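The structure under discussion is shown below.

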Amino acid sequence: MILTVTFNPAIDKTAEVDELIPGGLNRLRNVMQDAGGKGINVSKTIHALQGKSVATGFLAGSAGEYIRKVLNGLAIDNDFVWVEGMTRTNLKVLDHEMELTELNEAGPVITETEIKQLKDKILSLLHPNDFVVLSGNVSAQVRKDIYRELIELVKQQGARVILDADGELFAQGIQAKPYVIKPNKYELATYFGVSQDCSNEEMISLAKTLLNEECRLVVVSMGKQGSIFLSHEGIYQAEALHIQAHSSVGAGDAMVAAIAYALEQDTPMEQLIALAVACSAGAVMTKGTQPAEKAVVEQLMKQVTIKKLEEN
């Protein structure tokens, strides 16, 4: 089973403008609304791949009810902890050059009691060898070592964690040695205190230090520069696909979903890479936070070019 955990879900509204004018009138077009939050986006992509997951985390108010309704409508299993307040609504605006501006609300206050409820729920849902996806940000009041704490808890149950976070959540989380780490180039460069303009060779050298007996896969997404996959089998580079872009929202979440789905299926490494790259590209081809259909992903997989850089 794959369990996705979203601490701070959102109703994601995406819209387009010709040019974003700060301080001026911006008339939005092609406005779309959907259930969002990184873990929820992962569950939606797994569903599009015809896989199964259970989505959990925190929901609140009528916005939370909307998200639950969307997930139920998609037949995505979900079991959230309900809290006081209102689940946030985020606005994501794309201009004609596909530059993204995000206006994100803070989300409801989460208490220690509610965090304990979520821990208990995760433990009740888990089985040995399951995969748990911890992704995205948390509310301001939540401790930044929460992912590290959850990783340690999940590992005690014999399950495996895929971590997709940034900042202190990332820095603290990797100390618990999750099974998979998926930073982007900016997040990894920030963690190591180097320029994000560093060479791929330097990025690979830094990422290799995160591999160990417990962390089996590190995936660094680099946008138009493609992505690097570091495992105990070897180091691979996949080129970015040339596609018609509609929205960059959710591309990283789609990649995480593909990794989780492929690992659960015991998929060979090069096929895992092709699926991850194709799902990410497919998400960029769709509007809003919608995942690509499985048939589209399968066609994109045929276009993925993978080069093995090192043998381990």
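The model is a predicted one.

**Backbone angles**

Most residues other than glycine have a negative phi. Asparagine 129 has a positive phi, near 75°, and sits in the loop between α3 (112-125) and β9 (131-135). Its relative accessible area is 52%, so asparagine 129 counts as exposed, the cut-off for that class being over 50%. Asparagine 30 also is not a glycine and has a positive phi, of about 50°. Asparagine 30 belongs to strand β3, which covers residues 29-36. With a relative accessibility of 40%, asparagine 30 is classed as partly exposed.

**Glycine 64**

Is glycine 64 buried or exposed? Its relative accessibility is 0%, so glycine 64 is buried. The residue is part of helix α2, residues 61-73. Beyond its neighbours within four places in sequence, glycine 64 is in contact with Leu59, Trp82 and Thr87. Phenylalanine 80 lies 16 residues away from glycine 64 in sequence, with a C-alpha to C-alpha separation of 9.5 Å.

**Salt bridges**

Side chains of opposite charge can pair when their charged atoms come close. The structure has 16 salt bridges, and the table lists some of them.

| Pair | N to O distance |
|---|---|
| Glutamate 65 and arginine 68 | 2.9 Å |
| Arginine 143 and aspartate 145 | 2.7 Å |
| Aspartate 145 and arginine 148 | 3.9 Å |

Glutamate 65 and arginine 68 are both in helix α2 and three residues apart, so about one helical turn separates them. Glutamate 65 is partly exposed, at 39% relative accessibility. Arginine 68 is partly exposed as well, with a relative accessible area of 28%.

Aspartate 145 forms a salt bridge with arginine 143 and another with arginine 148. What is the relative accessibility of aspartate 145? The value is 22%, so aspartate 145 counts as partly exposed. Arginine 143 has a relative accessible area of 27% and is partly exposed. For arginine 148 the relative accessible area is 24%, which again means partly exposed.

Key
Residues are numbered from 1 along each chain as its sequence is written. This is a predicted model: local features need pLDDT of at least 70, side-chain atom pairs count only at pLDDT 80 or more; totals for chains, interfaces and linings use all residues. Side-chain values use heavy atoms; hydrogens and water are left out. Helices (H or I, at least four residues) and strands (E, at least two) are DSSP runs, numbered from the N terminus. Buried means under 20% relative accessible area, exposed over 50%, partly exposed in between (1.4 Å probe, protein chains only). Contact means heavy atoms within 4.5 Å. A salt bridge is a side-chain nitrogen of Lys or Arg within 4 Å of a carboxyl oxygen of Asp or Glu.
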